[in-house]
Amino acid sequence: MGIVTKQASISAFLGYAGVVIGFVNLTLLMANWFTPVQVGLREVLLSVAVFGSQIAHFGTYRSLVKFYPFFKSNQGNYDNGLLRIGLTVPLFGFIVVSGIIILFKSQIVDYYIEKSPLFIEYFWFSFPLIFMLLFNNVFESYLQARSKTAYSVFLKSVLTRLLTSFLLVLYYFSLIDFYQFIVCFIFSYIVTIVLFIISLYQKGEFSLKLNPNFFTRRVRKLYFQYSSFSILSGVASVLLNRIDILMISSIIGLASTSVYANAVYLSVLVAIPGDSIAKITMPLLSKSWKSKNIGEIKNLYQKTSATQYLLGGLLLILMWGSIDNFYSLQREEYAEGKIVFLILGFAKLMNMLFGANGQIISISKFYRFDTFTAILLGLLTVYTNHIFIPEWGIEGAAAATGLSLLLFNMIRFYFVYTKLKIQPFTKSTILISFVLLIGFVTNYLLPNLNHFILDTIYRSIIIAIVIVVPAYFLKVSEDFNHLILKNLNRLIKR
């Protein structure tokens, strides 16, 4: 777990830096400089692009990570043509997806024209945004396969948001209008794509030469068979995470979409430690499965579950304690998303608690099961959103997504336990739950201060102490204790 801790800590730091920049962009700039409808439009365009790119990659994202250990040459950095495959297949997928969208354009217009007419005006912007996100994610997956997660996180989480900040400043000083902002926002992704390529080229890792002797008929069959199932899993994942925004915009409108998306953004903060750990754990799981080391897989399964659960729970409670202070920075209507944040934040915490069950299934010979369950629960998300949104609005969308995510993890957990006889829960799981409960109760016992900054600081310090100190001495997470000691040593030296 040493490499996991080191890479995850760097990725987490960069991820949080990106979140801080995104926080400023969304809560202090967009929320005050754009109308809610304009903010909602941007979120819908992003959701369409994410959904389209998840189909267009044709399973490439996961396949690059899973098959890299097999493609990697024993001499040098040559990958026998894996990068070439990873770029060619998504390009073909983009053409297919674009054709499908154009084919169903009239139906899409009918679906959004009443509640979100502004989206129809910007409909054609979806295509370049899909392309940009698609190849950004391809390069991110390729660097992840090479265990170079930190740099890709910097480009995706930090640099892209800094570029957005720059565009927002231009908008504020009337150097560009909203239309020009959207255009520049979309094509700002070119910068990160170019930097990905430069980084690989400088390290001698950018090669488009395909080794026909290596990419045999048998290898092609295995690669594309795995990819075909991965694409369905990816689409289902997007349904779980993005369909709510798309449906809210069509059923309620773009203004409600902005309120919901604002709360979603906050809930994403809870999941950053889990995302950072997962990106590093995936290649390690792939290597362990290749050597059939079930013991190491179990070790990773349990350690990542405990660490993710503790860090995610700490963040959720800290954020919930100061949620009213956060919303005081925004327009009054955004506070309607408070309960949405709580529901989604708790759902993401449960997802972290169940650990790497999905990753274990996806890199194993049972990856087909992951696909089938993902499709089933993706459809369930669509159905529950269709029922809940008209009844309960944005809170209904959050409930639908949270319920689907919980069922998703329970099914995956049961399957992994049945097939591999391993599960993520240990004595530490109970202890962490107890510590988090104490922190949650402590928040309601603390008096409110009149100044929102002082209230946030003192409340966060006390809650953090109440959770971190017992978690450290109870040794509920080896990696958590390692990070605490490492940072304390640095502080003492300074």
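Helices (H or I, at least four residues) and strands (E, at least two) are taken here as DSSP runs, numbered from the N terminus. By that naming, Gly93 sits in helix α4 (residues 82–103). The model is a predicted one, so local features need pLDDT of at least 70 and side-chain atom pairs count only at pLDDT 80 or more, while totals for chains, interfaces and linings use all residues. Residues are numbered from 1 along each chain as its sequence is written, and side-chain values use heavy atoms, with hydrogens and water left out.

Back to Gly93. Setting aside residues up to four places away in sequence, Gly93 touches Ala56 and Phe58 (a contact being heavy atoms within 4.5 Å). The C-alpha atoms of Gly93 and Ala56 are 4.0 Å apart, although 37 residues separate the two in sequence.

Next comes the nonpolar core, meaning a set of buried Ala, Val, Leu, Ile, Met, Phe, Trp, Tyr and Cys residues joined through side-chain atoms within 4.5 Å. The largest one runs to 136 residues, and Phe119, Phe181, Tyr260 and Phe341 have the most contacts inside it. Helix α12 (residues 254–290) supplies the largest share of this core, with 15 residues. As for Tyr260, once neighbours within four places in sequence are left aside, its contacts are Asp244, Ile245, Ile248, Val340, Leu344, Ile394, Ala397, Ala398 and Thr401.

Phe452, Ile453, Ile457, Ile461, Ile465, Val469 and Phe473 make up a nonpolar patch with about 660 Å² of accessible area together. Patches are built from residues with over 30% relative accessible area and no salt bridge, joining like charges within 9 Å and nonpolar side chains (Val, Leu, Ile, Met, Phe, Trp, Tyr) within 5 Å. The areas themselves come from the Shrake-Rupley method with a 1.4 Å probe, and for residues only the protein chains shown count as cover. Phe452 belongs to helix α19 (residues 452–474) and is partly exposed, at a relative accessible area of 32%.

Then there are the aromatics. A pair of aromatic rings is described by the distance of the centres and the angle of the planes. Rings of Phe, Tyr and Trp (its six-membered ring) pair if their centres lie within 6.5 Å; planes under 30 degrees apart count as stacked, over 60 as edge-to-face and the rest as tilted. By this rule there are 33 aromatic pairs. In one of them, Trp33 and Tyr172 have ring centres 4.4 Å apart and planes at 25°, so the pair is stacked. This pair links distant parts of the chain, with Trp33 in helix α1 (residues 2–33) and Tyr172 in helix α8 (residues 149–172), 139 residues apart. Trp33 is partly exposed at 26% relative accessibility, and Tyr172 is partly exposed at 48%. Phe131 and Phe135 have ring centres 4.9 Å apart and planes at 50°, so that pair is tilted. About one helical turn separates Phe131 and Phe135 because they are four residues apart in helix α7 (residues 126–145). Phe131 is partly exposed at 29%, whereas Phe135 is buried at 8%. Elsewhere, Phe34, Tyr122, Phe125, Tyr171, Phe178, Tyr179, Phe181, Phe185 and Tyr189 form one aromatic cluster.

Side chains of opposite charge can pair when their charged atoms come close. With a salt bridge taken as a side-chain nitrogen of Lys or Arg within 4 Å of a carboxyl oxygen of Asp or Glu, the whole structure has five. Among them is the bridge between Glu43 and Arg42, at 2.9 Å from N to O. Glu43 is buried at 10% relative accessible area, and Arg42 is buried at 14%. Glu140 forms another salt bridge with Lys156, the closest N and O atoms being 2.9 Å apart. That bridge links distant parts of the chain, from Glu140 in helix α7 to Lys156 in helix α8, 16 residues apart. Glu140 is buried at 7%, whereas Lys156 is partly exposed at 38%. Lys303 and Glu478 also meet in a salt bridge, 2.9 Å from N to O. Lys303 lies in helix α13 (residues 294–321) and Glu478 in helix α20 (residues 478–493), so this pair ties together parts that are 175 residues apart in sequence. Lys303 is partly exposed at 22%, and Glu478 is exposed at 54%.

Note on methods:
Buried means under 20% relative accessible area, exposed over 50%, partly exposed in between (1.4 Å probe, protein chains only).
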